[in-house]
Amino acid sequence: MKFSVVVLVLLATLSAGDPPAVEGDWAGWLYLDQGGDAPLRLHVKTSELASLDFPHAKLFDSPLLSFRAQESKIIFERRNSEGQLQRYTGRLAGDLITGTARLGDANGRFELHRSPRPLPIIDPDKYADCRGVYRFPSGRSLIITPRFWGELVALDTSTGANLTLFPISEERFFLGSALYVPGPSTALIHCLRDSNGRVTQLQLEPVGSAPELGQRIDFLEEPVSFQNGMVRLAGTLIRPPGKGPFPAIVVLGGSHWDTRQTIRADADILTSFGWTVLIYDKRGYGDSQGDRTVAFSTTAEDALAAVQFLKERADIRADRVGLAGRSRGGWIAPLAASRSQDVDFLLLLVAPAVSPAQQETTRRLNVLRSQGISEGDLSMARTYLKLQFGFAQSGQGWEEYAVARERIQQSWLEVLGGAASPDPEDWLWARLNMHYDPLPALEKIRLPVLALFGELDTNVVPAENLPLMEQAFSRAGNSDATLFVVEGADHGLRSSSQAKLPLHRKTGYAPDVWKIVQEWLERISSG
């Protein structure tokens, strides 16, 4: 949901009694009950003067219609451009304001955290040139990328931390303790320019540690296309500066992968390690041709076409071209490698070793468990999924499945899925892929493999998948397969302790995830 506002004359009021100490700047997030969320900042200059920022709408220092504070209760109001009253009612507890929001006909909740420093209003365009990748002598990389509204976010590959850069000036920033929590500050960042005004270095000053000076690495991006038979696939080649030749990776994303931008984050990280990375629009999406709904085997052939494209380039090391598969891509990458000797290594992130039907049964039942559904009731859900996936495979048993679907609670269907009609188009993807068995492909893999699992992943559960993958590699005689369970990590390889936290309180990847990947890739590139 987008927010708009018309600037009104501020009619600030302060309730009688001793007001809480709310002066200063606050930053946090707004979550709507109907779905949607947005960053939110509050400036309280005095007890009689306050304003709001909506950074995603590039709306800053918007005066409030009223502001009241008494004891621990905080109430502030405004009207949007349509004249609807927006009322925020919260309570102050130390450095945190939490409460509910009534935004016209919509309801939501919000959290605001006190900032340890002022949050001046600075046009994001003024510091946009600080974005980029910076490499430090210690081996860490800091990847700074913009959100769609311009604010910058940094990913530290050495720690996995993923934090917002809160601007102090057009060149200086501070990092908070979580994605959009400004305090306590964990580091200062200074973008340094050369004599031509171009940002070339980054000074990082972690709290309690010595400053580090990082050199900017300007990636070179090249739009490319390659063929798989009659189908043209479009992508972007991202590589470090220099002539090369460079080792290279083709990135294959998970179930949300459609265009190349949806897998850009992994690509930036891998390129920061000194690798050339190819990302592309999946078949039928973006600028790529072909049908969208295809079997895993077709997607694997597309991946092999990408590998062959890279091996034919003079700036690529033809003996070091591999595939990185995340989640669903973890089915595709081994399948591709099992069909060709062109793939030199596999990087698998939370890759399943069971069929999509088994993996989805595990995932969906775990979602219901997290909602408090009893094990007894889960047996009904398990039977329903068996009927659903059975019909997808054979096209038989519609009546039995339809009866089971009628008996399932509507709220469960949002998790369990399954079409209400036997129309073949609704079932095509499942029919093509849901019963794919990954073990025959894994049993052919004899090349170097790094496979990372999240200890607390409830989608690709390590106890269910790791032993099967390990056994398959053993049967293949693969002596260079490293399977690693990342402590405390979820399906995104992020710290699972954050699983129930709101978005703005998340801190990033589990520690050491990208350090493990970087060290393994360094071994692969030097081999």
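F345 touches A248, I249, W275, R320, V321, G322, L323, L447, P448, W520, L521 and I524, where contact means heavy atoms within 4.5 Å and residues up to four places away in sequence are not counted. The residue sits in the loop between α3 (329-338) and β23 (346-349); helices (H or I, at least four residues) and strands (E, at least two) are DSSP runs, numbered from the N terminus. With 0% relative accessibility, F345 is buried, a label for under 20% relative accessible area, as against exposed for over 50% and partly exposed in between (1.4 Å probe, protein chains only).

The model is predicted, so local features need pLDDT of at least 70 and side-chain atom pairs count only at pLDDT 80 or more, while totals for chains, interfaces and linings use all residues. Residues are numbered from 1 along each chain as its sequence is written, and side-chain values use heavy atoms, with hydrogens and water left out.

One disulfide is counted, a disulfide being a pair of cysteine sulfur atoms within 2.5 Å. It joins C130 to C191, with an S to S distance of 2.4 Å. Because C130 lies in the loop between β9 (106-114) and β10 (132-135) and C191 in strand β15 (residues 187-193), the pair ties together parts that are 61 residues apart in sequence. Both ends are buried: C130 at 0% relative accessibility and C191 with a relative accessible area of 1%.

Turning to the strands, β24 (residues 449-454) and β25 (residues 481-486) pair in the parallel sense over six bridges; pairing requires that DSSP finds at least two bridges between two strands. Within this pair, V449 of the chain stands opposite A481 in β25.
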